[in-house]
Amino acid sequence: MLSISIPPRVITFLGSIPITNGVIAAFTTSLLLIIFALIVRRNLGIVPSRLQAAVEQVVEYFDIQLTSAFGSKKEARKFLPLIVTLILFIGLANQLSLLPLLFQITYEGEPLMRLSTSDLNQTLSLALVVLGLAHVLAFAFSPLKHLGNFIKIAPLIHARSLRDVGFAF
């Protein structure tokens, strides 16, 4: 029978760290991505196979998108692995529910896995990482312009009296 719960179920402990069913699903997602990367790497060749050609198309698509976003190919290539890995992880984590019988495996009557993206802890932590990364990148590329989005200095400079300062914002 389907059992719905908001907090993730703790399956076991690793020392004092609780291992929940969402964490097990996240480890499974990571393991599948690592296995896929090793398979692709092992079969690399001068004449690309179908799998290599498909992976090259995906990487080239993200390279083009990031180059247009960052403005230079050099800057885009720095962050390409991180951004593609985040997208692949989130996409695969959401698609794991399509694998038959994977989420019907139980341990002591509790489901062993749960979609890792249905766990609010992982969703919030990924959102915080992406948000923090966006601010760090924006500050690294253009610190004054990025700070200018939060602190408006130009109206203060153009104000002629204290009365104008109130209308500057």
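In which helix is the place of Asp-63? Asp-63 lies in helix α2, which covers residues 50–70.

This is a predicted model, in which local features need pLDDT of at least 70 and side-chain atom pairs count only at pLDDT 80 or more, while totals for chains, interfaces and linings use all residues. Residues are numbered from 1 along each chain as its sequence is written, and side-chain values use heavy atoms, with hydrogens and water left out.

**View 1. The whole chain has seven helices and four strands.** Helices (H or I, at least four residues) and strands (E, at least two) are DSSP runs, numbered from the N terminus. Starting at the N terminus, the order of elements is β-β-α-α-α-β-β-α-α-α-α. Of its 169 residues, 22% are buried (under 20% relative accessible area, 1.4 Å probe, protein chains only).

**View 2. Strands β1 and β2 form a hairpin with two residues between them.** Strand β1 (residues 10–14) runs antiparallel to strand β2 (residues 17–20), and four bridges join the two; strands pair if DSSP finds at least two bridges between them. Leu-14 has Ile-17 of β2 as its bridge partner. Gly-15, in this hairpin, has a positive phi near 70 degrees.

**View 3. Asp-63 of helix α2 is joined to Lys-73 by a side-chain polar contact of 3.0 Å.** A polar contact is a pair of N or O atoms within 3.5 Å; within protein, one must be able to donate a hydrogen and the other to accept it, and residues adjacent in sequence count only if both atoms are side-chain atoms. Asp-63 counts as buried because its relative accessibility is 5%. Apart from neighbours within four places in sequence, Asp-63 is in contact with Lys-73, Ala-76, Arg-77 and Leu-80 (heavy atoms within 4.5 Å).

How values were computed: Buried < 20%, exposed > 50% of the residue type's maximum accessible area, 1.4 Å probe, protein only.
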